[in-house]
Amino acid sequence: MRVEQQTLVQAPRGRVWEVVRDPGRYPKLFDGITSCDPEDPEREPGPRARYRIRYRVGATEVVSEV
């Protein structure tokens, strides 16, 4: 199964990046995400950082590593 959604954001690219580069904000930005926690809290967000994301799909909570 594949789920997609598109949203048009009326803001400069730099401002959008400031918001989405922090995965800790994902539960507030994306419907269904209940938590987004770094695998290594000592590591700075950025390339090669890994996160455990929990999201709700119907009545089920799914965990994914990104």
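Author: Glu65 is partly exposed, with a relative accessible area of 41%; buried means under 20%, exposed over 50% and partly exposed in between, for a 1.4 Å probe and protein chains only. The model is predicted, so that local features need pLDDT of at least 70 and side-chain atom pairs count only at pLDDT 80 or more, while totals for chains, interfaces and linings use all residues. Residues are numbered from 1 along each chain as its sequence is written, and side-chain values use heavy atoms, with hydrogens and water left out.

The side chain of Glu65 forms a salt bridge with that of Arg52, at 2.6 Å from N to O; the term requires a side-chain nitrogen of Lys or Arg within 4 Å of a carboxyl oxygen of Asp or Glu. Because Glu65 belongs to strand E3 (residues 60-65) and Arg52 to strand E2, this pair ties together parts that are 13 residues apart in sequence. Helices (H or I, at least four residues) and strands (E, at least two) are DSSP runs, numbered from the N terminus. Arg52 is partly exposed, with a relative accessible area of 36%. Arg50 joins Arg52 and Glu65 in a network of salt bridges.

Side chains of opposite charge can pair when their charged atoms come close. In the whole structure, the search finds 5 salt bridges. One of them links Glu61 and Arg54, at 3.7 Å from N to O. Glu61 is partly exposed at 36%, and Arg54 is partly exposed at 33%. Another joins Glu18 and Arg15, at 3.1 Å from N to O. Both of these residues lie in helix H1, 3 residues apart, which is about one turn of the helix. Glu18 has a relative accessibility of 40% and is partly exposed; Arg15, at 44%, is partly exposed too.

Two of the arginines named above also meet a serine. Ser35, in strand E1 (residues 33-38), is buried, with a relative accessible area of 16%. Leaving aside neighbours within four places in sequence, Ser35 is in contact with Pro27, Arg52, Ile53 and Arg54, where contact means heavy atoms within 4.5 Å. Pro27 is part of helix H2 (residues 26-29) and is partly exposed, at 29%. From C-alpha to C-alpha, Pro27 and Glu61 are 13 Å apart in space, and they are 34 residues apart in sequence.
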